[in-house]
Amino acid sequence: MNKYLLIMLIALIIALIGAIVYISSMNKQPALKSFGDFAPQVFDQELNAGGYTLIDVRTIDEFKAGHIVNAKQADFNNPQEFSRYLASLDKNWKYLIYCRTGIRSAKAMQEMQDKGFTNVHDLVGGYAAWITAGLPVEK
């Protein structure tokens with residue numbers, strides 16, 4: 001009889017632990033993924049709202065000639081440099097990226113998505129569209 005009670009008690013404890021683990025795993029939601037393109041005005045609004053890191057994926061010479069205020073530079077055309085830079089970033093943070101016309105930044109956004117980043121948005125038309133819209137830059 002004592003063996004039977006001990007076995008039942010152990011089974012009950014195992015069932016309770018399993019139920020606790022199951023219930024706690026139900027509360028964990030996967031990170032929301034957000035990728036896409038923003039027109040210059042929306043890009044500017046999101047940038048001004050804060051909570052993003054701004055990345056210019058053009059070359060250093062293009063960056064020095066002029067860039068969006070507070071941008072970090074990481075040359076997409078230099079795969080080793082770009083990969084090293086991406087490895088230093090939090091994949092669950094929010095990023096806004098751009099290049100000259102949107103081609104490199106679209107490829108960069110795809111690479112970031114492939115590497116597990118969860119929230120990356122690209123500037124439609126790139127830096128050229130930003131300038132055309134009359135938005136602020138620094139040199």
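Modeller: Buried means under 20% relative accessible area, exposed over 50%, and partly exposed in between (1.4 Å probe, protein chains only). This is a predicted model, where local features need pLDDT of at least 70, side-chain atom pairs count only at pLDDT 80 or more, and totals for chains, interfaces and linings use all residues. Residues are numbered from 1 along each chain as its sequence is written, and side-chain values use heavy atoms, without hydrogens or water.

Biologist: Where does D56 sit, and is it buried or exposed?

Modeller: D56 belongs to strand β2; strands (E, at least two residues) and helices (H or I, at least four) are DSSP runs, numbered from the N terminus. Its relative accessible area is 0%. In strand β2, D56 is therefore buried.

Biologist: Which residues is D56 in contact with, leaving aside its neighbours within four places in sequence?

Modeller: Contact means heavy atoms within 4.5 Å. With those neighbours set aside, the partners of D56 are F63, H67, A71, K72, Q73, A74 and Y98.

Biologist: How far apart are the closest N and O atoms of the salt bridge between R58 and D56?

Modeller: A salt bridge is a side-chain nitrogen of Lys or Arg within 4 Å of a carboxyl oxygen of Asp or Glu. R58 and D56 are both buried. Their closest N and O atoms lie at a separation of 2.7 Å.

Biologist: How many residues apart are E62 and R104?

Modeller: These two side chains form a salt bridge, with 2.9 Å between the closest N and O atoms. The pair links distant parts of the chain, E62 being in helix α3 (residues 60–65) and R104 in helix α5. E62 and R104 are both buried.

Biologist: Why do the buried residues of α4 line one face, and within what arc?

Modeller: Helix α4 spans residues 79–87, and F82, Y85 and L86 are buried there. The arc is taken from the directions between the helix axis and the C-beta atoms. Down the axis of α4, the buried residues lie on one face because they fall within an arc of 100°.

Biologist: What covers that buried side, and which exposed residues are on the face turned away from it?

Modeller: The cover includes β2 (53–56), β4 (72–73) and α5 (103–114). Turned away from the buried side, the other face of α4 carries Q80, R84 and A87.

Biologist: How far apart in space are T132 and P40, C-alpha to C-alpha?

Modeller: T132 is in helix α6 (residues 126–132), and its relative accessibility of 71% means that it counts as exposed. In sequence, 92 residues separate T132 and P40. In space, C-alpha to C-alpha, the distance is 9.3 Å.

Biologist: How many helices and strands does the chain have, and what share of its residues is buried?

Modeller: The elements run α-β-α-β-α-β-β-α-β-α-β-α-β from the N terminus. Of contacts between residues at least 6 apart in sequence, 69% join residues at least 24 apart. The count is six helices and seven strands. Of the 139 residues, the buried share is 34%.
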